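Okay, thanks everyone, let's get going.

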Amino acid sequence: MMYNREYESISREDLQQLQMERLQFTLNRVYRNVAFYKNMFDTAGVNIENIKSTDDLKKLPFTTKEDLRNSYPYDMFAVPLRDIVRIHSTSGTTGKPIVVGYTQTDIGIWTSLMARVLTAAGITKDDFLQIAFNYNLFTGGFGFHYGAEKIGASVIPASNSDVHRQILIMKDFKTSVLVSTPGFALHIGTFLQEMDLHPDSLNLKTGIFGSEPWSQNLRTEIEKALHVDAYDNYGITEVIGPGVAFECSERKGLHVNEDHFIVEVIDPESGEPAAPGEQGELVFTTITKQGFPLIRYRTGDISSLFPESCSCGRTLVRMDRVSGRTDDMLIIEGTNLFPSQIEEVLLEVEGIEPHYELILDREAGVETLEIRVEVSEQLPAMMDEIKNLQKFKNTIKTHLKSALEIEPIVTLVEPKMLSRSGGGKMKRVVDKRDLS
Ligand code: DLL
């Protein structure tokens with residue numbers, strides 16, 4: 001099933017033509033309205049009138065996460081603020097998040113892209129969709145909500161309620177589709193077992209999961225635990241949120257919504273295009289967004305494009321599941337975090353040394369983050385008392401919770417116990433989750 005057959009199965013030739021028209025329109029818009037892009041194109045000596053094919057796009061410089069952080073909060077917006085009807089942002093309250101804005105037209109397009117994602121997974125107006133993504137600055141909740149209403153499904157905005165409540169809602173409201181991170185889906189599945197509740201006593205049939213990396217093995221585990229067909233979908237706040245790419249019934253790669261985003265895969269070192277089918281960093285150019293258009297945005301996500309056509313009838317190119325990142329960004333229970341953000345918070349706490357390790361694991365379906373941190377030699381002798389030690393740990397936890405919205409396990413380690421840099425890259429992160 002296709003929500004928008006005309007565009008989802010457009011001929012490659014017509015698509016190229018459409019992309020070109022939309023690209024030229026976008027380039028003109030950003031050149032006129034966003035000082036950053038005017039400056040970038042002028043400095044690079046690029047005349048946008050000379051960008052006549054999608055191949056010419058390669059003449060334009062990249063936009064990076066750093067560029068977007070530096071434009072906090074609104075400098076990259078391409079319309080007056082009065083035309084913005086919605087604002088979202090990337091996670092992490094320390095440092096500068098990236099703030100994105102949508103016009104009414106942007107919301108309409110985003111909604112129809114989400115309707116595509118759902119329709120491709122066989123969701124119809126007869127479904128009850130439980131959305132277990134946060135409804136806040138994160139794009140997951142609202143993105144799916146609008147798309148599901150558009151196709152007429154019954155939306156249950158469960159947001160991030162605890163797992164017991166999710167299961168209760170699922171059971172009583174006859175949920176047929178779960179929308180969440182794969183990690184949370186596994187968590188729910190594990191709880192069902194603990195509650196001795198057979199998945200067949202629920203009405204679930206489909207799971208739409210995304211927002212963090214997951215493996216084929218994890219897909220199989222979730223399908224077994226929840227008795228659903230699990231579909232992957234990919235998105236990123238800066239580009240639009242969810243709705244960038246989605247799996248069809250074939251579930252062999254994710255179709256990129258190329259009528260709205262031009263996708264490239266580059267060698268992250270050289271910035272040159274990767275060979276067809278080769279892995280590299282995903283780069284997106286938005287060609288219909290009004291509020292927050294992006295030119296050649298480096299996502300940091302590693303994937304590749306499948307050149308072959310898909311038997312579902314869609315002509316939109318497919319990307320492989322995201323296998324990793326070019327930087328050290330971690331995604332824990334759907335929250336994006338850089339180790340440097342954790343470090344920044346830890347160093348605000350008196351009595352801690354700048355030596356730490358992050359250990360990621362998965363226990364009974366729940367992702368855990370342990371932070372092992374060295375205490376300083378000067379930490380007062382009063383720490384001998386267990387009670388005070390606990391208090392100290394809680395202080396660290398409170399700092400982390402209020403700055404980054406994470407609740408890790410904190411383990412204090414004696415001075416000089418953690419490994420030191422031997423001159424090479426320090427390995428501060430140990431990821432024991434199975435993401436292969
Ligand atoms: O996670 C948007 C989203 C919401 C996508 C709901 C899907 C479902 P951010 O919080 O900006 O946006 O995180 C974007 O998450 O650069 C990837 O590293 C990762 N990511 C998103 N989807 C997938 C996926 C949303 N299906 C970052 N597989 C991206 C692997 C994913 N990684």
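I'll start with the overall fold and then turn to one residue, Asp-127.

Quick housekeeping: this is a predicted model, so local features need pLDDT of at least 70 and side-chain atom pairs count only at pLDDT 80 or more, while totals for chains, interfaces and linings use all residues. Residues are numbered from 1 along each chain as its sequence is written, and side-chain values use heavy atoms, with hydrogens and water left out.

So, the protein chain has eleven helices and 21 strands; those are DSSP runs, H or I of at least four residues for helices and E of at least two for strands, numbered from the N terminus. Of the 436 residues, 56% are buried, meaning under 20% relative accessible area with a 1.4 Å probe, protein chains only. And among contacts (heavy atoms within 4.5 Å) with a separation of 6 or more, 65% are between residues 24 or more positions apart.

Now, where is Asp-127? Asp-127 sits in the loop between helix H5 (104-120) and strand E3 (128-131). Buried or exposed? Asp-127 is buried, at 3% relative accessible area. Its side chain makes a polar contact of 2.7 Å with the side chain of Ser-176; that term takes N or O atoms within 3.5 Å, one able to donate a hydrogen and the other to accept it within protein, and residues adjacent in sequence count only if both atoms are side-chain atoms. Beyond its neighbours within four places in sequence, Asp-127 also touches residues including Ala-153, Val-177 and Lys-205.

Methods: Buried < 20%, exposed > 50% of the residue type's maximum accessible area, 1.4 Å probe, protein only.
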